[in-house]
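Biologist: I would like to learn how to read a structure like this one. Please take me through it one feature at a time.

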Amino acid sequence: MRYAFYLGCATPVKALKYEISTRNLAKILGIELVDIPEFGCCGFPVKSMDSFAALLMAARNLAIAEEKGMDIIGVCTGCMAILSEAREYLEDEKLRGKVNGKLKAIGVKEYTGRVKIKHFARFLYEDYRLDRIRDKIVTPLASLEFGIHYGCHYMKPTHAHGHFDDPSRPFTLDDIISVTGARPINYPNKNLCCGLTIMGTAEDLSFRLAAEKLECLSNKGVDAMVVACPSCCIAYENNQRLAGKRAGKEFNLPVLYFTQVIGLAMGLSEKELGFELNRIKVDRLAEKLIP
Amino acid sequence: MYKFFDREKLKYCYQCGRCSSGCDINRLDISFQPHRLLHLISMGAIDKVLKSDTIWKCTTCFTCSERCPQGIKVTEILWTARAMAVKSNYIPELLITQKDILLRTGRLIPMDNKKREKSGLTAIQEEPSVVDRIFEIAEKEK
Ligand code: SF4
Ligand code: SF4
């Protein structure tokens with residue numbers, strides 16, 4: 001199992017605990033995530049500046065993966081959505097021909113349309129399979145309750161993502177987390193956007209979106225929120241205090257990456273899961289796990 | 001400029017408002033109404049849309065696109081409208097900064113290899129030239 005590891009821009013700078021826990025989890029699962037130094041920006045931020053430039057950036061990454069003969073696994077939902085959208089656009093032969101002409105000019109081989117793109121969680125669900133994860137659980141997290149936040153681009157637009165999950169009743173991450181023994185709860189605003197994409201252009205709305213979910217999950221008394229995207233984590237963890245301030249509240253809700261949760265159940269150490277980088281302390285969680 | 005939506009398809013929008021009624025930004029800020037924006041675009045008043053700061057409130061969550069009974073790619077249209085606004089020189093401050101960082105570093109967020117090494121992760125080199133050339137090539141596409 002060898003895959004091109006698409007790290008993106010945010011994870012290797014802003015989400016080191018996500019990167020660390022993903023690498024260590026992949027290792028014990030026997031999944032080889034190959035670093036590709038040639039990968040560049042996925043095109044997400046560029047899409048608001050120049051649509052064609054954004055497509056070229058995405059296409060370039062697909063072409064590089066194809067040349068290496070590997071499918072892509074990534075951890076940022078935004079990157080996965082943009083690359084998957086590009087993959088869909090490039091099914092159009094005319095457009096692909098045009099894009100390939102431009103790729104040639106920047107020294108990249110043509111893209112023929114063969115690369116598959118999957119978020120690491122989707123890969124675990126669809127390809128690795130949950131029963132194989134279950135076999136490796138050594139510390140069941142039976143005492144823990146989590147509120148899962150999927151992130152909009154995790155499964156939307158559904159056509160680009162091959163309809164692998166249902167945006168109105170998402171289930172893949174719930175199923176994965178359930179395998180650890182923990183209980184994912186259902187909550188009213190589960191499908192709410194984290195709002196981070198508009199932090200720089202509509203700050204107030206962005207904070208209000210984040211605060212709504214933080215408040216809901218705080219009231220539910222979950223042990224932590226579980227996320228699958230560096231942007232969502234920035235919105236809910238890094239900005240938690242600021243979002244709370246706007247809402248006149250003080251939140252204290254730990255935010256974990258799904259990779260940290262699975263790793264915890266598989267007996268990986270705090271260091272291997274990057275727990276010392278969690279800003280909202282997870283001691284409460286640790287106490288619950290020690291009998 | 002390359003557009004990822006077909007103006008023709010917009011005529012299938014029957015202004016039911018389902019896109020707006022499912023939009024959380026519309027719920028928080030009533031002045032933001034995706035179906036109104038589409039109406040303006042299909043009426044040829046696109047400049048009005050590009051000039052307003054409204055399009056920059058959309059989170060690109062895709063909820064509207066998933067809800068539209070006519071299969072209209074609402075999010076994609078609003079997203080493209082942003083790029084059109086930028087081409088027409090209606091550029092939010094944030095994008096000027098972001099483009100500058102992209103051109104300088106090849107990434108949206110500059111690399112911090114000291115921090116990476118402290119956490120036991122290997123360094124990653126910035127590769128700015130690719131972004132520069134891609135913008136240059138795309139610039140020529142009308
Ligand atoms: S949901 Fe679709 S058809 Fe209805 S107003 Fe919105 S874009 Fe038009
Ligand atoms: S994509 Fe934009 S317009 Fe559509 S529902 Fe989300 S925030 Fe509203």
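Modeller: Start with burial. A residue is buried under 20% relative accessible area, exposed over 50%, and partly exposed in between (1.4 Å probe, protein chains only). By that rule Lys118(A) counts as buried, because its relative accessible area is 13%.

Biologist: What should I know about the model and the numbering?

Modeller: This is a predicted model, where local features need pLDDT of at least 70, side-chain atom pairs count only at pLDDT 80 or more, and totals for chains, interfaces and linings use all residues. Residues are numbered from 1 along each chain as its sequence is written, chains are lettered from A and ligands numbered from 1 in the order in which they are written, and side-chain values use heavy atoms, with hydrogens and water left out.

Biologist: Which residue meets Lys118(A) in a salt bridge?

Modeller: First, the rule. A salt bridge is a side-chain nitrogen of Lys or Arg within 4 Å of a carboxyl oxygen of Asp or Glu. Lys118(A) pairs with Asp127(A), at 2.7 Å from N to O. Asp127(A) is partly exposed, because its relative accessible area is 33%.

Biologist: How many salt bridges does the rule find over all chains?

Modeller: The count is 27. One of them joins Glu91(A) and Arg87(A), with N and O 3.9 Å apart. Glu91(A) is exposed at 54% relative accessibility, whereas Arg87(A) is partly exposed at 25%. Salt bridges can also link up: Glu19(A), Arg23(A), Asp35(A) and Arg116(B) belong to a network of them.

Biologist: How many salt bridges cross the interface of chain B and chain A?

Modeller: The rule finds six there. In one, Lys87(B) joins Asp50(A), and the closest N and O atoms are 2.8 Å apart. Glu212(A) and Arg27(B) also form a salt bridge, at 2.7 Å from N to O. That pair runs from helix 10 of chain A to helix 2 of chain B. Glu212(A) is partly exposed at 24% relative accessibility, and Arg27(B) is partly exposed at 45%.

Biologist: You mention helices. What counts as one?

Modeller: Helices (H or I, at least four residues) and strands (E, at least two) are DSSP runs, numbered from the N terminus.

Biologist: How do I judge the size of an interface?

Modeller: The size is often given as the accessible area lost when the parts come together. Buried area is that loss (1.4 Å probe), summed over both parts. Between chain B and chain A about 4800 Å² is buried, and carbon and sulfur atoms give 67% of that area. Contact means heavy atoms within 4.5 Å. Here 52 residues of chain B are in contact with 54 residues of chain A.

Biologist: How many residue pairs are in polar contact across this interface?

Modeller: A polar contact is a pair of N or O atoms within 3.5 Å; within protein, one must be able to donate a hydrogen and the other to accept it, and residues adjacent in sequence count only if both atoms are side-chain atoms. Across the interface of chain B and chain A the rule gives 20 such residue pairs, both residues at pLDDT 80 or more. On the side of chain B that touches chain A, helix 9 of chain B gives the most, with eight residues. The residues of that side of chain B divide into 28 nonpolar, seven polar and 17 charged. Ala, Val, Leu, Ile, Met, Phe, Trp, Tyr, Cys and Pro count as nonpolar, Asp, Glu, Lys and Arg as charged, and the others, Gly among them, as polar.

Biologist: Which residues come nearest to ligand 1?

Modeller: A residue is near a molecule if one of its heavy atoms lies within 4 Å of it. Of the 13 residues around ligand 1, the nearest are Cys13(B), Cys16(B), Gly17(B), Cys19(B) and Cys68(B). Helix 1 (18-21) and helix 3 (34-42) of chain B each supply at least two residues of the shell. By class, the shell has eight nonpolar, four polar and one charged residues.

Biologist: Is Asn100(A) buried or exposed?

Modeller: Asn100(A) is buried, with a relative accessible area of 10%. Asn100(A) sits in helix 5 (residues 93-105) of chain A. The side chain of Asn100(A) reaches the backbone nitrogen of Tyr111(A) at 2.7 Å.

How values were computed:
Buried area = accessible area lost by both parts, 1.4 Å probe.
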